Amino acid sequence: MTQNNAAASAPVQETYKKRGQGKEIWRRFRRSKSAMLGLFILLTLIFMAVFAGVLTPYDPTEPDVPIRLMKPFVDSAHILGTDELGRDIFTRLCFGARISLAVGLIAVSISLIGGITLGSLAGYYGGTLDNVIMRFIDILMAIPSILLNISIVAAMGQGLQNVMIAIGISSMPGYCRIMRASILSLKDQEFIEASRAAGASDFHIIVHHIIPNCLAPLIVQATLRVGGSILACASLSFIGVGIVPPTPEWGAMLSTGRDFLRDAPHLTTIPGITIMLAVLCMNFIGDGLRDALDPKLKN
Amino acid sequence: MKKYLHKIAAVALAAGMLLATACGGGSEEPSGTAGEPRDEFKVAANREPVSLDPTDVTVTYASLIEAQIYNKLLKFDKELNVVGDLAESWEVADDGVTWTFHLRQGVKFHNGEELTSKDVLFSFLRIYDAPAVAISVAYIDKEGFETPDDYTFVLKTTVPYAFLEAELCSGNMCIMNEKAVTELGADYGRNPVGTGPYKFVSWAAGDNITVERFDDYFGEPAITKTIIFKMIPENSSRTVNLESGDVDLVIDIQESDVDRIADGEDTLLVTGSTGSVRYIGLNCRHEMFLDKRVRQAMCYATNIDEIRGAVYPHATPAQVTPVPPGFVGRNEGLAGYPYDPEKAKELLKEAGVEDGFTVQYIYLAGAANDQTAQLLQKQWEKVGVTLVLNPMESGALSTAMNKAEQDACCAGSNMSSFEAGKGLYDFFYSGSIGNTSNRTYLDDPEVDKLLEAISTETDADKRAQMVYDVQELIMEDAPMAVICHTNAYVGMRKTVHGFEFLPTGLYDLSKVWFEVEPE
């Protein structure tokens, strides 16, 4: 991604300085209990996702009909019980974590890249281009995001990949506006003018000077949106336009559990709680980051 | 064989979950003595009908509502005997093709018009122009109708046709009023006019359809004044609404709630066979399934018992043939394709596709079908066949199926004429593609010949024998793996009176009434 390239090609002195900044941010981030709790949950989910194959001996899609609808905390072999086809729910949660985290990460990357590009163009060049881009963004914002997601998935077809693209597109406007606003406040400052006077190209100025200076609000927004994307993906699966069975997606698990709500409520409550935790942890982290990155609260 | 009406014995459920107790039946006590009849009751409908014009695409609930508003020439009674409805008597001439119907006199339509043979003729002619139901008149000669007087109606079949009476009982054959249809034009579907015990009153889109007792009905007047059909798409919501008393009757309780309603303090369950069959259909005209051996292999690779046990525990097990139990001519002696992955692999090898292939599998999105699909996917995977699941919504699914786009599908159909020969004809006759029952697109000239012969064989015993024989031929072709025969589960409040289960599903609600429940 662009900012990584920027960091890699930055002079040694700047890298050193950034590391110092990172330490400072971490110190302030650590002070927030909720942020640390969020980080802990996130690390647990990442652990579950990475070691899904090792943590449980079961296949997330292999039915075992004789033990269907087993209740949780009854049998230590199936600690969270089994679903309507006798599949281990804990196993499905672990494999589902892979999907949800991937959706969160990739959807946000898509919207981040799209948002940064469009926002930079609009903010830096202004004029007609600004008008065209921002009116397009206004249109995107005017459509309820769930509706936009459904239309995009319906147009491109079902599947994980298309869900990520849909969610990425529908959450793009936020980044775009943040980026544009930051650029407007930056582009007339002296160091930009100096850079331009030294003969730097627009591309160089945007990538090396403007984007690094806009990163803080973007990081906060991105972290918060990871939770939103996980939720959006689960909602799409819940209404049946997202992920095709037997993929162990959390929202899809929740959706199938509906018909067994009264006899086997764990089919819905367990994935439901997991989704809640995942979204909550990203929100905690996002809030913590916002405080940590805010220069006004430096000391 | 005809024990269609019986209440399911209460089967105690294993320890109820917390939520179950919390949401249970509400505070109403069942009343000891028969109380006062209420002047309205509510029926839950799973989806909104597109229209109440009987010649439009029919869904279950539209048919049920239409059954209250319209009459047909003939109808099935609860033992599936054909009896007169608007026809008082009828006879077939010696030529075997000319049928004369003598209509009831003094029958009034809801708009005040009197029923005449002109209306009957008009209703029949309308069907020819309606693709969704045109199959019903496939054997009736369009030029052969006669109306010698106001109360006599004559039709001619193109050949001596064995299933004419059964066909005239179908929900497609409702008699409409010529004047009303012509006057209302495109609005007719939302303002239906019939001769039935209830007349249409109002339609609140997405919410409810209301009908009211028709005082000039020619038969016994309806007991309850108003019936409200409430749209409740969510399966479990219908159950909850019934338990809480917000609706009084639900005609399609989902399988997983059957025990709950049967055991409910305020609810009872009536169940029976409706001549329905649920199956996995292979597209016999699709490249990979052209070879009979491949189709047989897929049947061997399908573990029907596992699917039925997990998804349709209350349904009647299938015995290879799609003909439901109780039907005359049902062949229960077919060897079929017991679950045997090894045999399946052998057959695939013989056919030269042992390396496997990919199958596009379409079905109506929903809990039961999703489960079936996932089980099937794992079963077929064991013989090297990859199943790509394609859940669809009902409109897209019908379109795809009518065009035979899928490789395989999960579908359910009714043999609604209650004649195995007619049912098999609709399912497997090569010329019936596009008809809503034909999902395998089988094209076997030998089967075709026998099915044609069955349709024109008027001797019931000979026909039964032919039906018996054709099932062996058809299942040899392996066009489908039959999962089970699903039953109808009708749930109602215990205060119900006069409900009679009908295998057709077209229940007569004019005799149904509910007691006033104590607050």
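A polar contact is a pair of N or O atoms within 3.5 Å; within protein, one atom must be able to donate a hydrogen and the other to accept it, and residues adjacent in sequence count only if both atoms are side-chain atoms. The structure described here is a predicted model, in which local features need pLDDT of at least 70 and side-chain atom pairs count only at pLDDT 80 or more, while totals for chains, interfaces and linings use all residues. Residues are numbered from 1 along each chain as its sequence is written, chains are lettered from A and ligands numbered from 1 in the order in which they are written, and side-chain values use heavy atoms, with hydrogens and water left out.

Helices (H or I, at least four residues) and strands (E, at least two) are DSSP runs, numbered from the N terminus. At helix H8 (residues 292-300) of chain B, Asp291(B) caps the N-terminal end, with a side-chain oxygen 2.8 Å from the backbone nitrogen of Arg293(B). Seven of the nine residues of H8(B) are buried, where buried means under 20% relative accessible area, exposed over 50% and partly exposed in between (1.4 Å probe, protein chains only). Among the buried residues are Val294(B), Met298(B) and Tyr300(B). Their cover includes E14, H10, H11, H15 and E19 of chain B.

Two of these covering elements, E14(B) and E19(B), also belong to an open sheet of six strands with mixed pairing, in the order E15-E19-E14-E18-E16-E17. The edge strands are E15(B) and E17(B), each of which pairs on one side only. Two strands pair if DSSP finds at least two bridges between them. E14(B) and E19(B) pair in the antiparallel sense over four bridges, and Ile280(B) has Ala481(B) as its bridge partner in E19(B).

Contact (heavy atoms within 4.5 Å) links 30 residues of chain B with 21 residues of chain A. The area buried between the two chains is about 2300 Å², with 54% from carbon and sulfur atoms; buried area is the accessible area (1.4 Å probe) that two parts lose on being put together, summed over both. Seven residue pairs are in polar contact across this interface, both residues being at pLDDT 80 or more. On the side of chain B that touches chain A, the largest share, seven residues, comes from H11(B).

A salt bridge is a side-chain nitrogen of Lys or Arg within 4 Å of a carboxyl oxygen of Asp or Glu. The whole structure holds 32 salt bridges over all chains, and six are counted between chain B and chain A. In one of the latter, Lys378(B) meets Asp59(A) at 3.7 Å, N to O.

Within chain B, Arg38(B) and Asp248(B) form a salt bridge with their closest N and O atoms 2.8 Å apart. Arg38(B) lies in the loop between H1 and E2 and Asp248(B) in the loop between H6 and E12, so the pair ties together parts that are 210 residues apart in sequence. Arg38(B) is partly exposed at 22% relative accessible area, whereas Asp248(B) is buried at 2%. The salt bridge of Asp305(B) with Arg308(B) has a distance of 3.9 Å between the closest N and O atoms. These two residues are three apart in helix H9 of chain B and therefore separated by about one helical turn. Asp305(B) is exposed at 54%, and Arg308(B) is buried at 17%.
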